[in-house]
Amino acid sequence: MNDCLFCKISSGEISCHKVFEDEFVLAFLDIHPCSKGHTVVIPKQHAVEMKDMKHKVWLTLMNGVKLTAELVDKKLKPAGLNIGINNRPAAGQAVGHVHWHIIPRYENDGGGSMHSIIRSANPGDVEKIAKLFQ
């Protein structure tokens with residue numbers, strides 16, 4: 001077994017507060033929550049970041065994220081949900097095991113949208129960047 005925190009949680013070596021689990025995915029409450037019910041969803045198969053995941057693992061994880069978000073929404077009845085990933089340390093990924101955050105949002109909670117994560121002084125020219133994808 002490697003030294004990965006989330007692998008240890010997935011294997012049961014470290015306990016967690018499970019929200020959802022199936023054969024491929026584990027979802028548990030974040031121990032440093034941003035809001036009531038902040039949940040982390042991980043693949044049971046280790047991958048450091050998205051590019052390291054096989055397509056089938058990706059699909060099962062996305063299904064787990066959807067099912068977990070629906071469960072969090074049903075049980076906690078928040079006003080909304082932010083669902084996102086921090087992919088690589090520069091984006092805020094603190095644990096080297098790919099994972100999604102489901103963050104319940106409540107009226108007047110002081111949070112913002114995904115656009116509030118970063119406001120670059122130089123976001124680039126959209127037309128020039130679009131040409132890179134043509």
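Colleague: How much accessible surface does the chain have, and what share of it belongs to carbon and sulfur atoms?
Modeller: In this predicted model, the accessible surface of the chain comes to about 9000 Å², and carbon and sulfur atoms account for 57% of that area.

Colleague: And what part of the chain counts as buried?
Modeller: The chain has 134 residues, of which 34% count as buried. Taken along the principal axes, its C-alpha atoms fill a box of roughly 50 × 40 × 25 Å.

Colleague: What share of the contacts joins residues at least 24 apart?
Modeller: If we take the contacts between residues at least 6 apart in sequence, 53% of them join residues that are at least 24 apart.

Colleague: Let's go inside, then. Which residues of the largest nonpolar core touch the most other members?
Modeller: That core has 14 residues, and the ones that touch the most other members are Val41, Met53, Leu61, Val65, Trp100 and Ile102. Strand E2 (25–29), helix H2 and strand E5 each supply at least two residues of this core, and the largest share, five residues, comes from H2.

Colleague: Which residues is valine 65 in contact with?
Modeller: Once its neighbours within four places in sequence are left aside, valine 65 is in contact with Val41, Ile83, Trp100 and Ile102.

Colleague: Which residue does lysine 44 pair with, and where do the two sit?
Modeller: Lysine 44 forms a salt bridge with glutamate 21, and their closest N and O atoms are 2.8 Å apart. This pair links distant parts of the chain, since lysine 44 is in the loop between strand E3 (39–43) and helix H2 (55–76), whereas glutamate 21 is in strand E1 (residues 18–21), 23 residues apart. Lysine 44 is partly exposed, with a relative accessible area of 26%, and glutamate 21 is also partly exposed, at 37%.

Colleague: What about aspartate 3 and lysine 8, is each one buried or exposed?
Modeller: Aspartate 3 counts as exposed because its relative accessibility is 69%, while lysine 8 counts as buried because its value, 18%, is under the 20% cut-off. These two residues form a salt bridge, with the closest N and O atoms 3.3 Å apart.

Colleague: And which residue does aspartate 52 pair with?
Modeller: Aspartate 52 forms a salt bridge with lysine 51, where the closest N and O atoms are 3.3 Å apart. Here aspartate 52 counts as partly exposed at 36% relative accessibility, and lysine 51 is exposed, with a relative accessible area of 62%. Elsewhere, salt bridges that share partners join Lys18, Glu21 and Lys44 into one network.

Colleague: Last topic, the outside: which residues form a nonpolar patch on the surface?
Modeller: Met114, Ile117 and Ile118 form such a patch, and together they have about 340 Å² of accessible area.

Colleague: Where is isoleucine 118 in the chain?
Modeller: Isoleucine 118 is in the loop between strand E5 (100–105) and helix H3 (126–131), and it counts as exposed because its relative accessible area is 61%, with the cut-off for exposed set at over 50%.

Conventions. Residues are numbered from 1 along each chain as its sequence is written. This is a predicted model: local features need pLDDT of at least 70, side-chain atom pairs count only at pLDDT 80 or more; totals for chains, interfaces and linings use all residues. Side-chain values use heavy atoms; hydrogens and water are left out. Patches are made of residues with over 30% relative accessible area and no salt bridge: like charges are joined within 9 Å, nonpolar side chains (Val, Leu, Ile, Met, Phe, Trp, Tyr) within 5 Å. Accessible areas come from the Shrake-Rupley method with a 1.4 Å probe; for residues, only the protein chains shown count as cover. A salt bridge is a side-chain nitrogen of Lys or Arg within 4 Å of a carboxyl oxygen of Asp or Glu. Helices (H or I, at least four residues) and strands (E, at least two) are DSSP runs, numbered from the N terminus. Buried means under 20% relative accessible area, exposed over 50%, partly exposed in between (1.4 Å probe, protein chains only). A nonpolar core is a set of buried Ala, Val, Leu, Ile, Met, Phe, Trp, Tyr and Cys residues joined through side-chain atoms within 4.5 Å. Contact means heavy atoms within 4.5 Å.
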